[in-house]
Amino acid sequence: MNIKKNKKFVMGASLALTAIMLMVATYAWFTAHDEAVNHFETGAMPDGSVKVWEVFEEPKDWKPGQEVEKKVGVINNNENEVFVRLTFGEKLQKMLANTTGDNLEQAKTPTKLSGATDVAVPSTDFSKLAAYKTLATSDINLDAATPLPADVEMYVKKDVVSSTPAKTVYTFAFMGKDGASLNKVTAEVALNEATLTASISDVNYYYFTQSTATELVWSDVKPASNLTGQSQLDSLIKLSYDSIDNTTITNNTWFYNENDGYFYYIGTISSGEITPFLLSSVTLDPSAGNTYQLMKFDLTVKADAIQATKAAVGTGGAWPTLTPALQTALSNLASE
């Protein structure tokens, strides 16, 4: 299987991938060097000796019903065999809904906003519509007494209506720029048809307001309904698992432990090996409506590893939240 490792970007916000290593008990690695001194040293598992391994390309415009491939596993860069476990962190930020709850609330302002909670309402890109011309390439002149703001473009659409006599009708549209975003802008236009001069007034920018971001880590909240295949922050964000068996603890599969909110791989991972993938994709449910516009969602994968010894997974070991059944299953696979 050809596996590639991709770097992760942020939607708006981005997904962040974290490898967290636990140093295991030292008694398993003492070594004696001579009879006189009895010098003892401990080994270590440095951070980075295991890595989250993923196949993921960040979607630029995640749409309802769109399944995004996100394969997640762990590679062992340590010299020794290890046991691994994963948990998820989530962060979600949406826009505030209007009073009916079926669309986003748009804040109108006569000035350009720049607050951390302000998100420009997207504008139609009139520069890509052949029917519209820029003010400079149209036959309309702008009254110098009512200039446009520097970050606003004015577009003109000219139509000839069949009548007696024929009549020329002009349609005006506006588009602002807010950083890399196109901002919805409206304005009032008074047209002097004799001179084809337009006067501009009541220019307004439109913004959505972000709600407060919510965050959680599965190992903190210990969700019981994990295998319903959804985010713990929003039921319309669907998680698709791979290589998981939560009815029985089965070798070479992942098992979710409700006791601590971690997924455990039931097997040892040798140096250079990669676990089977736990996660295969993330999907925004087709029923996601207007209130999911401009949503930002981060799914962080957190990995722990310990050396695959019986002492490490036994009573008093590095993972004290193991259930007796998990403890037995891992101990049966461990070295002395």
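These legends describe close-up views of a predicted model.

**View 1. Trp218 and Phe263 form a tilted aromatic pair.**
The structure holds 11 aromatic pairs. In this one, the ring centres of Trp218 and Phe263 lie 5.9 Å apart. Their planes meet at 40 degrees, so the pair is tilted. That angle falls between the limits: stacked pairs are under 30 degrees, and edge-to-face pairs are over 60. Trp218 belongs to helix 1 (residues 218-221), while Phe263 belongs to strand 16 (residues 262-265). The pair therefore ties together parts that are 45 residues apart in sequence.

**View 2. Five aromatic residues gather in one cluster.**
The members are Phe88, Trp218, Tyr241, Tyr256 and Phe263. Are Trp218 and Phe263 buried or exposed? Trp218 has 0% relative accessibility, so Trp218 counts as buried. Phe263 is buried too, with a relative accessible area of 0%. Buried means under 20%.

**View 3. Two lysines lie over aromatic faces.**
Lys70 lies over the face of Phe56. The distance to the ring centre of Phe56 is 4.3 Å. Lys94 lies over the face of Tyr292. Here the distance to the ring centre is 3.8 Å.

**View 4. A hairpin joins strand 9 to strand 10.**
Strand 9 covers residues 152-161, and strand 10 covers residues 167-178. The two strands pair in the antiparallel sense. How many bridges hold this pairing? There are 10 bridges. Val161 has Lys167 in strand 10 as its bridge partner. The hairpin connects the strands through 5 residues.

**View 5. Strand 10 also pairs with strand 11.**
Strand 11 spans residues 181-192. Strand 10 and strand 11 run antiparallel, joined by 4 bridges. Lys177 stands opposite Leu182 in strand 11. This hairpin has 2 residues between the strands. Which residue takes a positive phi here? In this hairpin, Gly179 does, near 65 degrees.

**View 6. Arg85 and Asp304 form a salt bridge.**
The count comes to 9 salt bridges. In this one, the closest N and O atoms of Arg85 and Asp304 are 3.1 Å apart. Arg85 sits in strand 4 (residues 82-93), and Asp304 sits in strand 18 (residues 296-307). The pair therefore ties together parts that are 219 residues apart in sequence. Both Arg85 and Asp304 are buried.

**View 7. Lys112 and Asp151 link distant parts of the chain.**
These two residues form a salt bridge. Their closest N and O atoms are 3.6 Å apart. Where do the partners lie? Lys112 is in the loop between strand 5 (106-109) and strand 6 (118-120). Asp151 is in the loop between strand 8 (141-142) and strand 9. The two residues are 39 residues apart. Lys112 has a relative accessible area of 38%, so Lys112 is partly exposed.

**View 8. Asp125 forms a salt bridge with Lys128.**
The closest N and O atoms of this pair are 3.9 Å apart. Asp125 has 21% relative accessibility and counts as partly exposed. Lys128 is exposed, with a relative accessible area of 69%.

**View 9. Arg85, Asp260 and Asp304 join into one salt-bridge network.**
Salt bridges that share partners connect these residues.

Terms used. Residues numbered from 1 in each chain as written. Predicted model: local features only at pLDDT ≥ 70, side-chain atom pairs only at ≥ 80, totals over all residues. Heavy atoms only, no water. Phe/Tyr/Trp six-rings, centres within 6.5 Å; stacked < 30°, edge-to-face > 60°. Buried < 20%, exposed > 50% of the residue type's maximum accessible area, 1.4 Å probe, protein only. Lys NZ or Arg CZ within 6 Å of the ring centre and 35° of its normal. Pairing = 2+ DSSP bridges. Salt bridge = Lys/Arg side-chain N within 4 Å of Asp/Glu carboxyl O.
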